[in-house]
Amino acid sequence: MTSSPSSNGDNGSTVPADAPKTMIRLEGVGKTYPGTDVPAVSELDLDIPEGEILVLVGPSGCGKSTTLRLINRMIEPTSGRIIFDGEDVTTVDPDHLRRRIGYVIQQIGLFPHQTIAQNIATVPKLLGWDKKRISARVDELLEVTGLDPSIYRSRYPKELSGGQAQRVGVARALGADPEVLLMDEPFGAIDPITRDRLQNEFLRLQGELKKTIVFVTHDIDEAIKMGDRIAILGDQSRIAQFDTPERILAYPVDDFVSDFIGSGSTLKGLNFERVRDIELVHDFPVVDSTTDRTEAQRRFDASDEKWMLVLDAQQRPQRWVNGTHLADTSKPLDQLGPRVSATVPPNATLHDALEELLMSNAGQAVVIDNHGAYLGILDVERLADVLKRMRSEAKKHYDQLAATQEADDRAAAHTDTHGVNA
Amino acid sequence: MSMPIPPLATQAGETQTIDAPTPDGGPSQQRPPGLRLVKTNAGLLISPLIIVGGALALYLNYQWSDKIFQDIRALDWNRNLRPQLEQHLSITLWSTLFTILISVPLGIFLTRPAYKRLGGPILAVATSGQAIPAFGLLVLSFAWLGRGPWTTIWALTLFTILPVLRNTMVGLEQVNQSVIEAGRGMGLTKFQVLRQIELPLAVPVILAGVRTALVINVGMAALAFLIGGGGLGATINAGIGLSRDLVLITGAGLTALVALTVDWIAALIEKALRPRGL
C-alpha cells in the first residue's frame with residue numbers, strides 16, 4: 001500500500017505512487033543503543049524502489065549512516081523488520097545477507113595487503129566461484145570502472161590515487177553482482193573535480209546496471225545529482241520528505257526541508273527541465289542580414305522589443321541590433337551591434353540557459369538547433385513561468401496525495417470501528 | 001582501554017619504509033628500485049659481515065694466544081663449546097616458542113571487542129612482571145621448579161610474554177577500522193576477518209615483538225648455567241673462575257655472535273613474512 005510521503009514521519013512514509021517495485025522494505029526498523037533512552041533511529045518505515053538510486057540525506061548526526069547500516073545489519077536493529085526482495089531477513093545470518101549486498105564506505109577500506117584483483121575477488125571467493133570465473137569477473141569490473149586490468153590487477157592499494165581507490169571500492173562492491181548496493185558517502189573524501197567525474201561515471205554505470213542503490217550523503221547537491229529519489233532525514237532518521245529531486249526542490253514540505261535544501265533551491269530545480277520541453281518566444285523580431293534596411297526598420301518598429309536579432313543565410317544568429325545601431329546605415333546589418341554569444345541547444349538544461357541569458361547583451365538566450373539555426377528565444381519571463389508551473393505541479397501532487405491519504409484514513413477508521421463493533 | 005599502547009621499539013636495521021600515500025590522494029612516489037633495495041636491506045647485509053668478521057677474530061685470537069692446559073680444556077669444541085651452544089640455542093628457541101604460543105592467542109583474545117576491557121588489567125600485570133629483574137625471576141623459578149634447562153625455559157617464557165603480548169595487541173589494534181568494516185560489510189565472518197585481514201596486517205608488529213623476545217632470550221640464556229641450565233654462560237663463568245682472559249673473551253664473544261646471528265635470522269624472517277603491499 002502506497003500512501004503519502006508524510007511531512008513529519010509521524011505516521012511513517014512510503015514510496016510515492018509512481019514508484020516501481022519495492023526491493024527492500026524497512027518496517028518500523030529502529031535502533032536504540034543499550035543505556036540510552038533516545039533512539040538513534042526511531043521506528044522507520046521505508047520502501048526502497050528497485051533499480052533506482054535512493055539518496056538518504058540529512059544533517060550530521062541525523063542517523064542516516066546508522067540507517068544504512070541497519071539495512072545490511074552491520075548494526076542490529078532493536079525493533080522492526082527488514083524485507084529484502086520479499087524475504088524477511090531480520091534474523092537470517094547477517095554474513096550471508098551481506099554477501100548479497102554491495103557495500104561502499106567513504107574510507108573505502110581496501111585491504112592493503114591484497115592486490116586490486118584479490119580485493120575485487122573477495123565476495124566471489126566467499127561464494128565459492130571457480131578461479132576462471134573470478135578472474136574474468138575481476139577484469140570485467142576493472143574495465144567497467146575505467147581501470148585497465150593489465151595495469152591495475154596486480155597493483156596494491158597504496159599505489160592508487162584516491163579516485164582510483166574509490167573506483168576499486170565500487171568494483172569490489174559489485175564483485176558478485178549484488179542486486180543492491182549500499183554506499184555511505186562514497187565520494188566524500190575526494191577532491192571536487194575528481195568527485196564530479198566519479199559521480200558522472202557512476203551515473204553512467206548505473207544507467208547500464210540498474211542496481212538498487214541506497215546512497216548516503218550530507219551534501220544536498222550530491223543528493224540532487226545522484227538521486228532518482230531523495231529521502232530527507234531529520235533527527236533520529238525521521239523522514240521529513242521523500243520524493244523525486246524535482247518535486248523536493250519545487251515544493252519543500254516544511255521549513256526543515258527548505259532550510260536543508262537551502263537558498264537557491266529554485267535555481268537548482270532548473271537543472272531538471274530542458275530547453276526543448278518549454279515553449280519558446282517565436283514572435284521575437286528577426287531579420288535576415290540581406291533584408292532591405294527600411295523593411296528591417298519597419299519590423300523593429302512593429303515590435304515592442306528593444307533588440308532585434310540578425311540571422312545569416314543559414315539562419316544562424318549573428319548580431320543583436322537596437323534602434324541606435326539601425327540608425328547607422330553606413331554598414332550592412334551583419335556588421336552592426338554586438339555579436340550573438342549566448343546560444344543554447346535544445347537539450348541544454350534551463351540552468352544552462354539561464355546562465356547564457358544573464359551573460360547575453362540583450363538579456364535573452366538564443367535557442368539554436370544542432371546545425372546552429374535559430375529556433376526561438378528564451379527570456380526571463382519564460383523561465384519564471386516554468387518555475388511557477390513546476391511549483392504548482394508539485395503542490396498539486398501533494399494536495400492529491402493528501403486527499404487520497406485522508407480518504408484512506410477515513411476508510412481505515414471506518415474498518416477499525418467496524419472491527420471494534422464486531 | 002582508552003590509552004593507546006605504544007608498540008615496543010622495533011630493532012635497528014628494519015625495513016620500515018612504508019610509502020605513506022601522498023595527502024592529495026595521488027599515487028605515492030616510486031623511488032628507483034635500486035636505491036630502495038640498498039636502503040632497506042643495508043642492515044640485513046651488514047650483520048652477516050660483522051658476524052663472520054667477529055667469528056674470524058675470535059678464532060684467530062684463539063689460535064695466536066698462548067694457551068695453557070685449562071684454556072684448551074675449557075674451550076674444547078666437542079666437550080664444552082658445542083654442547084653449550086646447543087643448550088643456549090635450545091633454551092632460546094623453546095622459550096621463544098612458548099612465548100609465542102601463549103602471547104599471540106592471548107593478544108588476539110584480548111583485542112576481541114567482547115574482552116577488550118580485560119586487556120588493560122592483564123597488560124598492567126604483565127608490565128609490572130617485566131619490572132622483576134630477569135635474574136630474580138630465574139632464581140625464583142629455581143626455588144620453585146628446581147635445577148635444569150626447563151626451569152630456565154619457563155622463566156624466560158614468562159619474562160618475554162610482555163613484549164610479544166603487547167605487540168600482538170598493538171598490531172591488531174592499529175589495523176585500520178575501515179578495513180575491518182569493509183570486510184565485515186562484504187560478508188566476511190569475524191574469524192575470516194581475523195585470519196585474512198587483521199592477522200596479516202598485524203604480522204610486522206607482532207614479529208617485531210617476537211624479535212625483541214628472541215634477543216632478550218638469547219641474552220638471558222647466558223645466565224642459565226647458574227641454575228644448571230647450561231649454555232655459553234658456563235664458559236664465561238669458567239673464564240672468570242680461572243682468571244683466564246682467553247676463555248672469558250671467547251665465551252663472551254661467542255655469546256654475542258649467537259645473539260647477532262639469531263637477530264639477523266629473525267630480521268630475515270620478519271622481512272619474508274611482511275605482507276606485500278604494506
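Strands here are DSSP runs of E with at least two residues, helices are runs of H or I with at least four, and both are numbered from the N terminus. I kept in mind that this is a predicted model, where local features need pLDDT of at least 70, side-chain atom pairs count only at pLDDT 80 or more, and totals for chains, interfaces and linings use all residues. Residues are numbered from 1 along each chain as its sequence is written, while chains are lettered from A and ligands numbered from 1 in the order in which they are written.

**Chain A, strands.** I followed β1(A) to its partners, counting two strands as paired if DSSP finds at least two bridges between them. β1(A) and β4(A) (residues 79-84) are antiparallel, with five bridges. β1(A) (residues 22-31) also runs antiparallel to β2(A) (residues 41-49), over six bridges. In that pairing I found A:Lys31 opposite A:Val41.

Next I looked up an open sheet of three strands in chain A, in the order β14-β15-β16 and with mixed pairing. β14 (343-344) and β16 (374-378) are at the edges with a single partner strand each, so one side of each has no neighbour in the sheet. β15(A) (residues 365-368) and β16(A) are antiparallel and share four bridges. A:Ala365 has A:Leu378 as its bridge partner in β16(A).

**Chain A, confidence.** I checked pLDDT, the predictor's confidence in each residue from 0 to 100. Chain A has a mean of 87, and 94% of its residues reach 70 or more. Residues 1-15 of chain A stay under 50. Where pLDDT is low, the predicted coordinates should not be read in detail.

**Where the chains touch.** I called residues in contact if their C-beta atoms, placed from the backbone, lie within 7 Å. By that rule 23 residues of chain B meet 25 residues of chain A. On the chain B side, α7 (177-185) and α8 (190-220) each supply at least two residues. α7(B) gives the most, with six.

**Chain B, two helices.** Which angle do α3(B) and α8(B) make where they pack? I noted about 145°, with the axes 10 Å apart; axes are lines fitted to C-alpha atoms over the stretch in contact, and angles run from 0 to 180 degrees between N-to-C directions. Among the residues making the contact are B:Thr92 and B:Ile100 of α3(B), and B:Leu194 and B:Val210 of α8(B).

Terms used:
Two residues are in contact if their C-beta atoms, placed from the backbone, lie within 7 Å.
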